[in-house]
Amino acid sequence: MAGHSEINIRDLAQLVIERTGSSSRIVFVPFAEVYGEGFEEMSRRAADTSKLEAAINFSCDTTLVDTLDTMIEFVRESAPK
């Protein structure tokens, strides 16, 4: 999952559960119940960072899993004891 790979929200949630060792389960809530009637969600979002990468001559090569692991470790170390 390095570079510019995409992941859907369900798979991201499952990955967080797996990486944290959580017993949480994914619950599907109707979209209208959360956001109300008439709200339209984009079905896909994908950032194009090519101009930024060209401007600063840098491209992130940290994988999603590595990023999640770093965030999880930070939160665990920052949590009140």
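Predicted model: local features only at pLDDT ≥ 70, side-chain atom pairs only at ≥ 80, totals over all residues.
For the residue classes used here, Ala, Val, Leu, Ile, Met, Phe, Trp, Tyr, Cys and Pro count as nonpolar, Asp, Glu, Lys and Arg as charged, and the others, Gly among them, as polar.

Two packed helices are described by the angle between their axes and the distance between the axes. Helix 1, residues 9-20, and helix 4, residues 64-78, have axes that come within 10 Å of each other and cross at roughly 55°. This angle makes helix 1 oblique to helix 4, and the crossing of the two is right-handed. On the helix 1 side, the contact is formed by Leu12, Leu15, Val16, Arg19 and Thr20, which meet Leu64, Val65, Leu68, Asp69, Ile72 and Arg76 of helix 4. Sorted by class, this contact has seven nonpolar, one polar and three charged residues.

The largest pocket holds about 1200 Å³. Its lining has 37 residues, and those closest to the centre of the pocket are Ile7, Asn8, Ile9, Leu12 and Arg45. At least two lining residues come from each of helix 1, helix 2 (31-35), helix 3 (50-56) and helix 4. Helix 1 provides the largest share, with four residues. By class, the lining of the largest pocket comprises 21 nonpolar, 10 polar and six charged residues.

Methods. Residues numbered from 1 in each chain as written. Heavy atoms only, no water. Axes fitted to C-alpha atoms, helices over the stretch in contact; angles between N-to-C directions. Parallel < 35°, antiparallel > 145°, perpendicular 65-115°, else oblique. Left-handed = near helix turned anticlockwise from the far one by under 90°. Contact = heavy atoms within 4.5 Å. 1 Å grid on protein atoms, 1.4 Å probe; cavity = no way out; pocket = protein on both sides within 12 Å on 5 of 7 lines; lining within 4 Å. Points joined across faces, edges and corners; volume = space filled by probe spheres on them.
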